[in-house]
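This briefing sets out selected features of the structure shown below.

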Amino acid sequence: ECVSGCVCPEGLFDDGRGGCVEEKDCPCVHNNQWYSSGQKVTVDCNTCTCQKGGWSCTKNVCYGTCMIYGSGHYITFDGRFYDFDGSCEYVATQDFCGDKKSNGSFSIITENVPCGTTGVTCSKAIKMFLGKTELKLENKDYKEIQRDVGGDVHYWNRTVGLYLVIEASNGVMLIWDKKTTVFIKLSPAYKGKVCGLCGNFDDKSNNDFTQRSGLQDTNALKFGNSWKQSTMCPDATQEIKPCDVKPHRKSWAEKECSIILSEVFKICHSKVDPNPFYDACVHDACSCDSGGDCECFCSAVAAYAQECSKAQACVFWRTPDICPIFCDYYN
């Protein structure tokens, strides 16, 4: 029985765009976009080429990135997104782990303090221990302290746009926006050899909540508390929802943060899920109620923009009205 419609002649294939092509010319799909045979895309530090309808990728092992931003938001090296509001110093990441505690070469500590009156915390200072050198990043600046223990690890620093970048010879890099956002990049040599709030960098996100004792947990509070530096600090006992504490700020926060879900970021939505970043933005915009509310909002949107850039979706979202940056000054 005949069925009406269009089919490709024998030996040719539908290219998804209304045409027919030979198998060698089949297109590929990546993030809901079509690519012709031979086209290349960059995924993290690898290049993928479209061949016969499938992707052929280089197999470089990439640097891992952990991001800590705003009021207690963490994205681990393996991509797990969670919130933890503790007021203390915590191990963000270190290679003093397991039974080889004495063999480590670095440790990065984040000092979290309350921001606003709702009880959420922001990163106020970062301590970076590289061998016998301690760097303290605070108040838009950093200072170096020499200690008696540890080996020699060389480092160099530079300013890139808004960020202070500290790069060490042992494959550790720290990027700080001089406010509440910090990125930690580690060379692939550290895969599975680090621990702390940034997880263990073993390409599996389901075991990132490994406590200091080595036990795995599913609860972000217990996991976070286990990595505090001082037993004098109280444990964080509940997840704070600042919009419930300050309901009058909620509608303002949702209106401001809707830029993340809007057309402005449309090119990025299929590449990086905007929802966790939107929720984090609303959380931060509600919580910063004692000044600095614009800074909290801007950091939250910038965090999403940063992930978009990593996924090759460049978004121009800053305007004279929304989180402007005075480029003449920074240039």
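Two strands are said to pair if DSSP finds at least two bridges between them. Helices (H or I, at least four residues) and strands (E, at least two) are DSSP runs, numbered from the N terminus. This is a predicted model, in which local features need pLDDT of at least 70 and side-chain atom pairs count only at pLDDT 80 or more, while totals for chains, interfaces and linings use all residues. Residues are numbered from 1 along each chain as its sequence is written, and side-chain values use heavy atoms, with hydrogens and water left out.

- Strand E17 (residues 163-168) pairs with strand E16 (residues 155-160) in the antiparallel sense, over six bridges.
- Tyrosine 155 is placed opposite alanine 168 of E17.
- Two residues separate E16 and E17 in their hairpin, and glycine 161 in the turn has a positive phi of about 60°.
- E17 is also joined to strand E18 (residues 172-176) by four bridges, and these strands run antiparallel.
- Leucine 164 has tryptophan 176, in E18, as its bridge partner.
- Three residues lie between the strands in the hairpin of E17 and E18, where glycine 171 takes a positive phi near 90°.
- Five of the six residues of E17 are buried, a term that means under 20% relative accessible area, with exposed meaning over 50% and partly exposed in between (1.4 Å probe, protein chains only).

**Nonpolar cores**

- A nonpolar core is a set of buried Ala, Val, Leu, Ile, Met, Phe, Trp, Tyr and Cys residues joined through side-chain atoms within 4.5 Å.
- The largest nonpolar core has 44 residues, of which Ile108, Leu174, Ile184 and Leu186 touch the most other members.
- Strand E13 (residues 121-130) gives the most to this core, contributing four residues.
- A second, separate core holds 35 residues, including Cys257, Ile259, Val282 and Ala285.
- Beyond its neighbours within four places in sequence, leucine 174 is in contact (heavy atoms within 4.5 Å) with residues including Ile108, Ile126, Met128, Leu137 and Phe183.

**Helix H5**

- The 13 residues of helix H5 (residues 275-287) should span 18 Å at 1.5 Å a residue, and the end C-alpha atoms are 18 Å apart, which agrees; the expected span is 1.5 Å times one less than the number of residues.
- H5 is mostly covered, with 10 of its 13 residues buried.
- Among the buried residues of H5 are Phe277, Tyr278, Val282 and Ala285.

**Salt bridges**

- The structure holds 13 salt bridges, each a side-chain nitrogen of Lys or Arg within 4 Å of a carboxyl oxygen of Asp or Glu.
- Glutamate 89 and lysine 127 form one through their side chains (2.9 Å, N to O).
- Because glutamate 89 lies in strand E11 (residues 89-94) and lysine 127 in strand E13, this pair ties together parts that are 38 residues apart in sequence.
- Glutamate 89 counts as partly exposed at 21% relative accessibility, whereas lysine 127 is buried at 18%.
- The side chains of glutamate 138 and lysine 124 also meet in a salt bridge (2.6 Å, N to O).
- That pair links distant parts of the chain, with glutamate 138 in strand E14 (residues 133-138) and lysine 124 in strand E13, 14 residues apart.
- Glutamate 138 is buried, with a relative accessible area of 17%, while lysine 124 is partly exposed at 37%.
- Lysine 241 and glutamate 239 meet in a further salt bridge (3.7 Å, N to O).
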